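Please look through the sequence and the model shown below before reading on. The report then takes up the ligand, its surroundings and the aromatic rings.

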Amino acid sequence: MNERQIELVQRSFMRFASCSVNCSTSFFLHVFSFHPELRPLFTGDIERQGIMFMKVVSMAVNSLYDMDSILPALRELGKRHIEYGVQPHHYAAIRESFIWILKRELAEGFTEEVEQAWGCVFDLIAVNMMGNEMEHDKASTSSD
Ligand code: HEM
């Protein structure tokens with residue numbers, strides 16, 4: 001990600017974060033309406049789950065200039081996801097709903113450029129959770 005993308009993400013996250021509890025619940029309802037097969041993987045409270053998800057997003061957004069510092073945490077999170085029954089193709093389903101909720105909340109501020117930048121953030125998180133070294137090299141932060 002380049003500096004402009006990081007700035008776009010960090011600026012838009014300030015607006016997005018203010019709706020976080022509501023947003024994260026709508027986000028999961030969206031996931032389950034398009035992918036009902038994922039619902040049984042979740043055994044806990046969805047509102048709490050949404051808050052935990054957004055906390056990781058927030059950690060990543062705040063670490064975009066220093067992703068290396070959070071890679072071990074993302075790896076561990078990814079390993080736990082394997083135990084939850086999560087498979088690599090599930091990340092695409094979550095990505096779709098994540099972009100949907102951002103679009104809903106940021107409305108006209110959600111330009112194509114902002115969408116792309118957020119796509120990169122999600123991919124950075126997902127690729128590192130999945131532990132794919134090659135993809136990580138491609139997706140890691142750079143200042144060009
Ligand atoms: C950006 C990607 C993701 C992030 C940041 C994320 C974050 C989290 C966090 C923070 C937890 C709390 C438990 C823990 O720390 O181990 C969690 C649990 C969980 N996540 Fe994710 N997750 C992501 C992707 C996914 C995907 C793709 C699935 C597939 C459906 C998924 C399914 C689950 C399940 C089933 C649990 C356990 C819930 C329960 O016990 O009720 N997550 N996730």
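## Terms and model

Helices (H or I, at least four residues) and strands (E, at least two) are DSSP runs, numbered from the N terminus. This is a predicted model, in which local features need pLDDT of at least 70 and side-chain atom pairs count only at pLDDT 80 or more, while totals for chains, interfaces and linings use all residues. Residues are numbered from 1 along each chain as its sequence is written, and side-chain values use heavy atoms, with hydrogens and water left out.

## The iron atom

The iron atom of the ligand has a single donor from the protein, NE2 of His-81, at 2.0 Å. Donors are N, O and S atoms within 2.8 Å of the metal (3.2 Å for Na, K and Ca), and water is not among the atoms, so sites may look incomplete. His-81 belongs to helix H4, which covers residues 71–83.

## The shell around the ligand

The ligand is surrounded by 20 residues, the closest being Thr-43, Gly-44, Arg-80, His-81 and Tyr-84, where a residue is near a molecule or strand if one of its heavy atoms lies within 4 Å of it. At least two residues of this shell come from each of helix H3 (46–61), H4, helix H5 (90–106) and helix H6 (112–130), and H3 gives the largest share, four residues.

## Aromatic rings

There are 12 aromatic pairs in the structure, meaning rings of Phe, Tyr and Trp (its six-membered ring) with centres within 6.5 Å, where planes under 30 degrees apart count as stacked, over 60 as edge-to-face and the rest as tilted. Phe-28 and Phe-53 form an edge-to-face pair, with 6.4 Å between centres and 75° between planes. This pair links distant parts of the chain, since Phe-28 is in helix H2 (residues 20–34) and Phe-53 in helix H3, 25 residues apart.
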